[in-house]
Amino acid sequence: GGFVVRGGLLSGPNAISGEWGHNPLPWCGSNDLPALPCYCGKSGCIETYLSGPGLSAHYQQLLMHGDRHHLAHSDQFDTVSDGQLYARGVPAYEIVKLAQQGAEPALEAMERYYEQLAKALASVINILDPDIIVLGGGLSNIASLYQEVPLRWGRYVFSDQVSTPLRPARYGDSSGVRGAAWLWPLIP
């Protein structure tokens with residue numbers, strides 16, 4: 001993440017301004033599945049919920065805690081020699097497609113994703129009150145985010161009204177990499 005103020009990238013003494021993905025998911029409740037370990041050494045980081053691998057891992061947890069008998073013949077499970085049923089990893093784009101087709105628990109996974117993104121972005125709004133929030137990365141291609149998340153974040157923003165728009169990056173899901181490349185010559 002990053003913050004642009006008056007046309008320039010905000011930086012600080014630790015060069016981590018905008019790194020909100022390694023904070024815990026705010027307002028974590030019983031609907032949020034168990035915190036997953038993060039590569040940073042902590043668990044429950046926003047990134048472990050809101051990244052593609054995070055969505056996939058939480059979907060896998062939903063499958064394993066769901067009605068296994070009903071799902072036993074699904075291609076999303078493997079049975080190993082001990083007879084146990086194990087959820088197969090399903091990529092995020094496939095979960096989105098399954099949800100669009102009305103499949104459970106993909107619908108539940110997406111509902112949780114919308115709510116978790118709303119919580120995380122509400123904390124950014126509460127601290128910075130930005131003029132706009134721009135999403136990048138692969139999951140920013142999920143068109144429903146831009147309607148669903150603003151419908152939910154009002155429950156967490158400390159204001160009677162939330163006017164902050166949520167938009168996809170102008171140059172697509174790789175805009176962050178493109179911006180980083182532009183900054184490379186400026187790094188001492």
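The model is predicted, so local features need pLDDT of at least 70 and side-chain atom pairs count only at pLDDT 80 or more, while totals for chains, interfaces and linings use all residues. Residues are numbered from 1 along each chain as its sequence is written, and side-chain values use heavy atoms, with hydrogens and water left out.

**The core**

In soluble globular proteins, nonpolar side chains tend to be buried together. A nonpolar core here is a set of buried Ala, Val, Leu, Ile, Met, Phe, Trp, Tyr and Cys residues joined through side-chain atoms within 4.5 Å. Buried means under 20% relative accessible area, exposed means over 50%, and partly exposed lies in between (1.4 Å probe, protein chains only).

The largest nonpolar core holds 37 residues. Leu 145, Val 149 and Trp 153 touch the most other members. Two or more residues each come from α1 (46–50), α2 (52–65), α4 (92–100), α5 (106–128), β5 (133–135) and α6 (145–153). α5 gives the most, with 11 residues. These elements are DSSP runs numbered from the N terminus: helices are H or I with at least four residues, and strands are E with at least two.

Take Val 149. Contact means heavy atoms within 4.5 Å. Not counting residues up to four places away in sequence, Val 149 touches Tyr 114, Leu 117, Ala 118, Leu 121 and Leu 166.

**Helices α2 and α5**

Two packed helices are described by the angle between their axes and the distance between the axes. Axes are lines fitted to C-alpha atoms, for helices over the stretch in contact, and angles run from 0 to 180 degrees between N-to-C directions. The axes of α2 and α5 come within 10 Å and cross at roughly 130°. α2 and α5 are therefore oblique to each other. Angles under 35 degrees count as roughly parallel, over 145 as roughly antiparallel, 65 to 115 as roughly perpendicular and the rest as oblique. On the α2 side, Leu 55, Tyr 59 and Leu 62 make the contacts. They meet α5 residues including Ala 106, Met 110 and Tyr 113.

**Two buried residues**

Thr 164 sits in the loop between α6 and β6 (166–168). Thr 164 is buried, at 8% relative accessible area. Beyond four places in sequence, its contacts include Ile 125, Asp 129, Ile 133 and Trp 153. A polar atom of the Thr 164 side chain lies 3.4 Å from the backbone oxygen of Pro 130.

Tyr 146 belongs to helix α6. Tyr 146 is buried too, with a relative accessible area of 15%. Its side chain reaches the backbone oxygen of Ser 140 at 2.7 Å. Beyond four places in sequence, Tyr 146 also contacts Leu 135, Leu 166, Arg 167 and Pro 168. Tyr 146 and Tyr 114 are 32 residues apart in sequence, and their C-alpha atoms are 9.6 Å apart.

**Backbone points in loops**

A cis peptide bond joins Glu 104 and Pro 105, with omega about 0°. Pro 105 lies in the loop between α4 and α5. Two non-glycine residues with positive phi follow.

| Residue | Phi | Relative accessibility | Place |

Key: A polar contact is a pair of N or O atoms within 3.5 Å; within protein, one must be able to donate a hydrogen and the other to accept it, and residues adjacent in sequence count only if both atoms are side-chain atoms.
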